[in-house]
Structure formats: structure tokens, C-alpha cells
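Hi,

Here is the structure I promised to send over. Have a look at it first, then read my notes below.

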Amino acid sequence: MSNLSMVPEAAPPSQGAVPCCNPLISAELSALDAERLATVFKALSDPVRLRLLSRVASHPAGEACVCDIADVGVSQPTVSHHLKKLREAGLLTSQRRRTWVYYRVDPDVFTALASLLAMPARA
């Protein structure tokens with residue numbers, strides 16, 4: 001794995017991503033790192049996915065049941081598709097408990113994305 005491990009090479013969708021990266025302005029991305037990062041940004045580029053991610057991230061319990069976040073104006077199969085894309089990108093983890101699936105955001109992923117995009121203050 002290269003220095004950008006936001007999207008693990010062969011991690012199952014329910015496994016969290018391990019963030020580790022330098023700001024984009026510090027060095028050029030390799031082709032592999034660019035592909036991995038593009039997967040994350042593609043997952044974030046859909047308004048429904050952003051709403052689902054926001055619902056999970058802002059849930060008071062730190063995790064949210066799919067039954068609590070699914071009302072985003074699309075069908076249940078579409079919600080499942082979007083949640084799958086967020087998991088594959090390493091932005092969400094999931095755990096099945098009986099009938100329901102619970103989702104959680106790894107705060108380290110957001111920290112890594114923020115540091116990746118950080119620009120130094122200009123004097």
C-alpha cells in the first residue's frame with residue numbers, strides 16, 4: 001500500500017480505512033494514490049450520499065441504524081446502493097445487528113481528508 005491508505009487495497013467494505021497522507025501541495029500523487037482518492041471523492045460527489053453521510057456523522061449515538069437515516073427521498077434499494085458506495089470508499093463502516101445494519105463514520109477519515117486538502121495560510 002502506498003502512502004495514501006484512505007482506501008485500503010483489499011479491505012472488506014465493513015473494515016475502516018486507515019488514514020495516512022500528506023497534503024496535496026507537499027508532493028505529487030502517484031497514479032495509485034490518485035485512483036484511491038478519486039474513489040473517495042466520487043463517493044462524496046452525490047447529494048444523496050452526502051446527506052446519508054451527514055446523517056450518520058451527526059447522529060447523537062455516534063452510529064445510526066439504516067432505519068433512522070433512510071428517509072432521503074429515494075427508494076430503499078437506492079439508499080442501500082449509496083451506503084455501499086460510502087462503505088467501499090472507506091467513509092463508513094457497518095455492523096449487522098439482527099435485522100438492522102448500523103453505520104458509523106471513522107473520524108480519522110475526515111481528519112485525513114482535511115489534512116490532505118489543507119492549504120497553508122498566506123501572509
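In which segment is Leu24 found? Leu24 sits in the segment before helix H1 (31-44); helices here are DSSP runs of H or I with at least four residues, strands are E runs of at least two, and both are numbered from the N terminus.

Before you go on: this is a predicted model, where local features need pLDDT of at least 70 and side-chain atom pairs count only at pLDDT 80 or more, while totals for chains, interfaces and linings use all residues. Residues are numbered from 1 along each chain as its sequence is written, and side-chain values use heavy atoms, with hydrogens and water left out.

Back to Leu24: with a relative accessible area of 35%, Leu24 is partly exposed (buried is under 20%, exposed over 50%, partly exposed in between, using a 1.4 Å probe and protein chains only). Buried residues account for 34% of the chain's 123 residues.

Now the overall layout. There are 5 helices and 3 strands in the chain, and along the sequence they come in the pattern α-α-β-α-α-β-β-α.

How do strands E2 and E3 pair? E2 (residues 93-97) and E3 (residues 100-104) run in the antiparallel sense, over 5 bridges (strands pair if DSSP finds at least two bridges between them). Arg96 has Val101 in E3 as its bridge partner. The hairpin of E2 and E3 has 2 residues between the strands, and Arg98 there takes a positive phi near 55°.

Cheers
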